Amino acid sequence: MKLISRIIFTKILFISLFSSLFAQIPQVPAEMEFADLILRINPQARREIQLDVDALHRSPKHFQVKMDRFNLYRPIIEREFRAAGVPEDLKYLVIQESGLIADAVSTSNAVGFWQFKQGTAEEVSIRVDRQVDERKNIVNSSRGAALYLRGHNRTFDNWMVSLIAYQMGAGGAKAYFGDRYRGKRIVDVDRNSHWYFKKFLAHKVAFGEQVFQLTSNTNSLRLAEVKVNGPTSLDALAKKYKVSEEHLKEMNKWTSNGKIPAGGPYYLVFVTDDQVEFETGIEPKNPAKSSNAGKSSTKYSTANSYPRIAGNTTKASQPDQITVNNLDGVQAASTTTQDTFAEKIGIKEKRFRRWNDLEPGERVEAGEYYYTEKKKAKAEVATHIVQPGETLWSISQKYGIKLSSLKAKNRIRRDQDLKAGMVLNLQEHRKRGEDIPVVQISNPSKTVIAKNEQPVTQPKSNPVTSASSNQKATDPASLTHTVSPGETLYAISKKYGVTVDQLKSWNRIGSQNIISVGQKLTIFKP
């Protein structure tokens, strides 16, 4: 009797859990965001996509297996997409393509996580030969997929078409769509929309962030990632990292017979519950997140290393020489107009203005970094603490995040609503009705890279009569200004009615526009 009762209880528990999971099946909304697009989905398309969502959730066991794989590989995919400037929304495509099975092979002989054919793989620098097949390596294949998608978007200027081109090729997408969606940011999804994109939306809904929160494991397993150079073997690496050789073979099917050839670096991955970093580990750490205003400011951070400039900085004023926050960029050598600067760097003025969130008539300022491709919908760090003098635009430029995205994530629209100490979200959207936390600013950064702010359109006041208490007259023709936290050369120049070039010349400021908190600047009356 006790045994029967136990069996009945187990069945009831299973049915309860099963029903609970089904109650959590997400529903396709009438409107949703994808990359930088707003999708309006009509009722018929919603029903069609919902059928696929329901099918993906039909077997709780199989769904959980895919979700666990996705959670394991997701940080690497997101990192590679961010580095390439590809919206993280496209990460769900890997589930659609392979279910995150490393050695998956399609009927058309496409292989690996992202289902590349050999010729296409080689186009995006993925190695495929008898010794190594990097299509089965999550790092290299995700990097290749990001480059492939980014290349399509440069052709079509629309992430929906770019995603569909992943399946049908750029030529097929061009013949199918033409220029119908070029630059379009609001897209209607209906019965005539391409099946591949609707299938993708089903995966995005089924495995979306809210589902991740419901199914996330509480254990400490993570994917360790290390760079290795050959020649070596999985056997030797198993001993070094204290894991089994069988596990390394299972997780690294890109190798041939467990041998890693000369050269590299190659990316080795394995599952571990060890929280220490390996000597070549490159797993990113996310800043702690919090939304409570009363929390200590130590819970939040402002990355002083931004903007991140890389490349040939000696030729930063020339196009195709540097990257700004992993996006193509250029530094203005002198103050000029948008049309003159855009012509100099070979970009259409309207496109340059849109990519940098500039208003018509705003001048390009000497020493400022500008983007020559679209900014991202998310930054690489989670939060930013507003400093005195900053604007929404200057923050968006600092991190390479679209101004519209920054405003939407924080439900803030005007610079007048910014306050020093506000903790702005740079990745996640703030919940409706949630207050923006404000923390006390302490230990401000000693060094500030001067950046542009929105130009001041109000009439300039007389600089002599408007000088604040931290300015002293050094002689009848000059003033001394003490740099405060968050101030920029541009803001100071506007305050006194002078140019940035004049400030730099008077105070011997170099081309990097570096000023420091507490620095005394000499300003001559215009």
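A word on the ground rules. What you see is a predicted model, where local features need pLDDT of at least 70, side-chain atom pairs count only at pLDDT 80 or more, and totals for chains, interfaces and linings use all residues. Residues are numbered from 1 along each chain as its sequence is written, and side-chain values use heavy atoms, with hydrogens and water left out.

Let's begin with the sheet. Helices (H or I, at least four residues) and strands (E, at least two) are DSSP runs, numbered from the N terminus. Three strands make an open sheet with mixed pairing, in the order β1-β2-β3. Two strands pair if DSSP finds at least two bridges between them. As a reminder, strands of a sheet pair through backbone hydrogen bonds, either parallel or antiparallel.

Which strands stand at the edges? They are β1 (31-34) and β3 (186-189); each has a single partner strand, so one side of each is left without a neighbour in the sheet. On average, neighbouring strands here are turned by 30 degrees against each other, direction ignored. The strands β1 and β2 (residues 37-41) run antiparallel and are joined by four bridges. In that pairing, F34 has L37 of β2 as its bridge partner.

Now to the helices. Axes are lines fitted to C-alpha atoms, for helices over the stretch in contact, and angles run from 0 to 180 degrees between N-to-C directions. Contact, by the way, means heavy atoms within 4.5 Å. Helix α8 (residues 195-206) lies across β1, β2 and β3, at about 95 degrees to β1. Helix α7 (residues 159-177) packs with α8 at an angle of about 105 degrees, and their axes are 9 Å apart. The two helices are therefore roughly perpendicular to each other; the cut-offs are under 35 degrees for roughly parallel, over 145 for roughly antiparallel, 65 to 115 for roughly perpendicular, and oblique for the rest.

Who makes that contact? From α7 come M160, L163, I164, Y166 and Q167, and from α8 come W195, Y196, F197 and F200. These residues divide into eight nonpolar, one polar and no charged. Here Ala, Val, Leu, Ile, Met, Phe, Trp, Tyr, Cys and Pro count as nonpolar, Asp, Glu, Lys and Arg as charged, and the others, Gly among them, as polar.

On to some single residues. Is Q50 buried or exposed? Q50 is buried, with a relative accessible area of 10%; buried means under 20%, exposed over 50%, and partly exposed in between (1.4 Å probe, protein chains only). Q50 sits in helix α2 (residues 43-57). Beyond neighbours within four places in sequence, Q50 is in contact with I25, P26, Q27 and V28.

K184 is in the loop between α7 and β3 and counts as partly exposed, at 35% relative accessibility. Not counting residues up to four places away in sequence, K184 touches L37, D157 and N158.

That brings us to backbone geometry. Most residues other than glycine have a negative phi, and most peptide bonds are trans. D157, not a glycine, has a positive phi of about 50 degrees. D157 lies in the loop between α6 (138-156) and α7, and is buried at 9% relative accessible area. N326 also is not a glycine and has a positive phi, of about 65 degrees. Finally, G230 and P231 are joined by a cis peptide bond, with omega about 5 degrees, and P231 lies in strand β4 (residues 222-233).
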